[in-house]
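Subject: Structure handover

Hello,

Please find the structure below. My notes on it follow.

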Amino acid sequence: MGEALINRQSLYNSLYVTLFLVNNVTIEDADNDIIRCRWAIGDDECGDICNSLVNSDLNKGTCVISYNATGELGLYAVALQIEDFASEQSDNPLSSVPLQFLIDVIQTVSNQSCEIKPILENINSIVVIPVNTTYHETIIAKGDGISEIIILTSKEVSKSKLLRYGTSNDRWYVNVTWTPTERDTGSHRICFTAVDSISQASEKKCITVYVTNSTNLCSENVDKFNTTWSITPEKTLTTVACTGEYTGNASRYCSSEGKWEEPTYTNCISKSIQHLRTLTAKLLSGDSADILVSTILEELENVTKENNGLRSGDLLTSSYVLNDIAKYVAENKDKLTFDQLQIFGSLCDNLLDDSNHQSWEELNNEGSGGVTSLVNAVTEYNDAFNDVIDGKFSIIVEKENVVIEVGKASSDEITVPDRSKISDSWITDSATEIKLKTNRCSGLTGYSSAFYRNISRLFPEYLLLNGKLQSFNGSYDVNSIIADFTIHGRSCSNFSLIIKFDHILGDYSRPFCGFWDFSAPNTVNGAWSSFGSRVVDATDSYTICEYNHTTNFAILMSPGKTPLSHQLPLSMISAIGCGVSILFLVITVVVHFVLWNYVANDRTKTLMNLCVALIISYVIFLAGITRTENKVVCSVIAVALHYMFLTDFALMLAEGIHIVRMVVIIFPTRSIVYKLIPACWIVPAGIVGISATSTKLKGYGNQQFCWLTLESNLIWAFIGPALLVIMVCTNISKRRSGMIANETTIHKRQTLTTIGRRTAFNNEQSPYRIVSYKRPR
């Protein structure tokens, strides 16, 4: 029963009873509760017909009655109670519905065998039809003496007469039609049973009919696991039983455009892998001491090797198996053997095969932690294996997708992978390596490492930054292989871990050293973090990091940004440009200060404020834009830049206002500079104050720059006012140009008129006359 819903009673659609062995009672529950059947008991439920059907058996879970009609002929009354429960464990029914019917045991004379039952031929399991459209289905039954094909449904379905199918003597059919209306929208079940002349019935077959008023339908589709997805209406999540030797259900969503999304196989688990999970659970509980860890690993390795692409449920369950084994051997180290590490490595290689990447991504999208569970199992198992072997040693398991190295050494500097013991492969082509430098240590240093070739994109994209969990949102990508390193069995007062990461892709910038924190709060299985790390060196092709702890490491970088080789030249260009601007701004201020008595006016006062504001802006920009080491300092710098840049634009707007007044008001009688300039400094402060208070400084500064982050909407607190100033100034410029053009035209007309009048006057005073004549042709 759904939460906060009144329970709805279970209903039986219809019932057909025969005298032969088995009968199904078809029942439904609108709340999808757990349904069970039982014999009616007591006078209130069955009166004098209780337990009247002898030689019968009722399966309470499936509501199937098995009956052997060996008694007397005649009618037998049957009384059942159909009940629904909130869960499998519950014993208190939510409701109970009585069902009573008669069984007529008759004597028949026939040559037909009771062992050969009628068979219903293939019927579509799912059908989708629009509202007010007639549904047609031909139901074909095969068997000797088919007498009837019965429809089991609560809907008004029409059925034709029983007819012979073609020229066959043992095949019969009926045509079924149904025209659903608007009130029938939803899912309906129609079941069929064929009966022969001696009342033997076939196995029941059912069709699920989806009635929809939508025109967008997802067409029938067969996915890579050979699961058939029938026609489904848009915005519908459909569920089917897993195919083959699998338990559970698969689901798939039909989107609003009538297109299939990728199916979800998280609940589909191979029976073999599920059995191995049961064995490891027994190992942890101590119920089965005779089970060997090597046997479980070998069986799981064989199962995962034989499959061409595992379902996501297989990957998740296999990871659980490996985690159970790692926990078990950590407490029972006598169960470890030397050859187990090779098997363990082969098993991990199978699970990390490229053919399984889509399933790993599915787990990621489902919020199951993706590949992190497997990585954690590898780390714990390697640690346990290292504790078993005494003395110096080094074991390398080299596979196509993973390289594992476990050993003990007395050297103060340990480097992995040990390329002298590795054949030419992907790990030798990579420049990635780990160096452990120790100080003041005693005894042997045990270490274990793992390098993963192709799982960089399979980790959940979450970053723990300044104690807060945030999504990558396209700002970062893992741009290196994943490298795991752990030390144990030795007391060290101080050590440093230097890791050189080879970049996977080149068009990335702003690297920072990350590690996977399995204990990150509010996560399924951890998040990326940069705590206890720093960038030592970075180029276009690699980054060197230093860590003060051990775990799983990688480089996180920003995609599609300025290449590292361009950053220094661009930074120099910016610094030189800002420096030149500051120089000439200072010269402008000094010149005006010297000549102030001659140039002082409202425009000059506004210009001086603008020059000072620009100088402050450039100084803060040059000194603090990249000061990202301290979050508080970076946020203060970002707030200061936000305020100063808004003030610059406000003073530019004030310059435009002065220009308009000069053109419109020829001789202004009063000055507005004493109101305008304070407003240019106060209004930006109000905008910045509201922005900083409402966001609690979130969005002021990030790992790259001490400025407003592009990922947040806070950037519009700068872009909005800046665009407003630009539009106003552009409009002022256009109007000023128009007014100057009009003034020029008027001036020309006045000048021409004056010249004409003076010429006429001079002609009247002169003794000479200007005569106009035409030359004769």
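The chain has 14 helices and 39 strands, where helices (H or I, at least four residues) and strands (E, at least two) are DSSP runs numbered from the N terminus. This is a predicted model, in which local features need pLDDT of at least 70 and side-chain atom pairs count only at pLDDT 80 or more, while totals for chains, interfaces and linings use all residues. Residues are numbered from 1 along each chain as its sequence is written, and side-chain values use heavy atoms, without hydrogens and water.

Of the 777 residues in the chain, 43% are buried (under 20% relative accessible area, with exposed over 50% and partly exposed in between; 1.4 Å probe, protein chains only). Among contacts (heavy atoms within 4.5 Å) with a separation of 6 or more, 68% are between residues 24 or more positions apart.

The largest nonpolar core has 60 residues; such a core is a set of buried Ala, Val, Leu, Ile, Met, Phe, Trp, Tyr and Cys residues joined through side-chain atoms within 4.5 Å. Helix α4 (residues 312–331) gives the most to this core, with 8 residues. Leu322, Tyr381 and Trp528 have the most contacts inside the core. Leaving out residues up to four places away in sequence, the residues touched by Leu322 include Leu297, Phe344 and Leu374. A second, separate core of 26 residues includes Trp426 and Phe515.

Strand β6 (residues 74–85) pairs with β7 over 11 bridges, and Ile82 stands opposite Val97 in β7.

The count of disulfides is 7, taking pairs of cysteine sulfur atoms within 2.5 Å.

- Cys37 lies in strand β3 and Cys63 in the loop between β4 (56–59) and β5 (64–67), so the pair ties together parts 26 residues apart in sequence.

Regards

Notes
Pairing = 2+ DSSP bridges.
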